[in-house]
Amino acid sequence: MNKIIFAFIISLWGLQNIYPARISRPNPRAVAMSIIDSGNIRVFYALNAVDIKKTETYDDLQRLEIGTKISKYFSHFVYNSDSLISEWAKLNKGRQSVPRWMGDRGKDDNWSEYYYTDYFKDFSAGKLTEYVRMPWGGLPDFQCSGNIPVQEWTIEDDTLTIAGYLCQKATCRFGGRDFIAWFTPSIPISNGPWKFGGLPGLILKVYDNDKLYTFECIRIENNKEKYPIKMHNYNNHTNIKREKLLELYNKIHDDYHKVAGINFTYTTPPPPKVPYHPLELE
């Protein structure tokens, strides 16, 4: 049996030099949170779905919660995993090491700032704050705050039905990329996935011209009773300017081990890097 296990480990070592290098996901976090607002509408978006009907083909499943004054955008997959691990830890009472992941996940097993960042839009203050959890290693977590981004949209006549809603086309240039969005006037909320908003209706689908990133609504929950919108304690997050944060993302994707302070040496040629295409180029 030991020989079989050893052979399996050796095979994994060989595989890591064939497949692209991965950036380790951070450790799970506690799910204790405070209530900051309440809302009726939740919107779920598939990120880079191969088949919109199969969640396992998504890079991530993400969630927009829209409150009276604040909206929150975050990874549904990551949130569910943290919740399951928190419950697991309670049941096991520390008798075993904590798992790194539990529950559903997408096709991408890599760390990404697009999976591990919580985005809060405070409409009363006109501010967007990003709280990002860095990959496993020696990096602190960061927070970045600024004005809610403004996209200069051009609304066009084309229409498309998404998640049962008739949508209208709009285009803009934002962060150095050209984007196409589909919004529905049936839900007159000026919001959308990630940092997008500013249209006379909820954005249900948006993608860049190169289709590197596609956010597409898979369902909308419109609750009769208001649900609480919650916020983690981000006191351990270090303030950073947006330009420095974008620079750090590039460095992480270029040489994760070096930036994270991990002493790692390959005995064979290292695997190829995972291609990195940031949404924001400027």
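1. Which residue lies over the face of Phe 44? Arg 219 does, at 3.9 Å from the ring centre. Please keep in mind throughout that this is a predicted model. Arg 219 also belongs to a network of salt bridges, in which it is linked with Arg 42, Arg 63, Glu 65 and Glu 221. A further charge over a ring is found at Phe 74, where Lys 72 lies over the face at 4.4 Å from the ring centre.

2. Next, the nonpolar core. The largest one has 61 residues, and those touching the most other members are Val 43, Met 134, Trp 194, Phe 196, Leu 202 and Phe 215. Strand S1 (residues 34–47) gives the most to this core, with six residues. In general, nonpolar side chains in soluble globular proteins tend to be buried together.

3. Phe 196 deserves a look of its own. Beyond its neighbours within four places in sequence, Phe 196 has contacts that include Lys 121, Gln 151, Trp 153, Phe 174, Phe 179 and Phe 215. Phe 196 is also part of one aromatic cluster, together with Tyr 114, Trp 153, Phe 174, Phe 179, Trp 194 and Tyr 213.

4. On the aromatic pairs: the structure holds 14. One of them joins Tyr 114 and Tyr 213 edge-to-face, with 5.1 Å centre to centre and 65° between the planes. Tyr 114 sits in the loop between helix H2 (76–92) and strand S4 (117–122), and Tyr 213 in the loop between strand S10 (202–208) and strand S11 (214–231), so the pair ties together parts 99 residues apart in sequence. Tyr 114 counts as buried because its relative accessibility is 8%, and Tyr 213 counts as buried at 11%.

5. Salt bridges number 18 in the structure. In one, Arg 133 meets Asp 82, with the closest N and O atoms 3.0 Å apart. This pair links distant parts of the chain, as Arg 133 is in the loop between strand S5 (127–132) and strand S6 (142–147) while Asp 82 is in helix H2, 51 residues apart. Are the two partners buried or exposed? Both Arg 133 and Asp 82 are buried.

6. Arg 242 and Glu 280 form another salt bridge, their closest N and O atoms being 2.9 Å apart. Arg 242 lies in helix H3 (residues 242–254) and Glu 280 in the segment after helix H4 (256–260), 38 residues apart. Arg 242 is partly exposed, with a relative accessible area of 27%, whereas Glu 280 counts as buried at 10% relative accessibility.

Notes. Residues numbered from 1 in each chain as written. Predicted model: local features only at pLDDT ≥ 70, side-chain atom pairs only at ≥ 80, totals over all residues. Heavy atoms only, no water. Phe/Tyr/Trp six-rings, centres within 6.5 Å; stacked < 30°, edge-to-face > 60°. Helix = DSSP H or I, 4+ residues; strand = E, 2+ residues; numbered from the N terminus. Buried < 20%, exposed > 50% of the residue type's maximum accessible area, 1.4 Å probe, protein only. Lys NZ or Arg CZ within 6 Å of the ring centre and 35° of its normal. Core = buried A, V, L, I, M, F, W, Y, C linked by side-chain atoms within 4.5 Å. Contact = heavy atoms within 4.5 Å. Salt bridge = Lys/Arg side-chain N within 4 Å of Asp/Glu carboxyl O.
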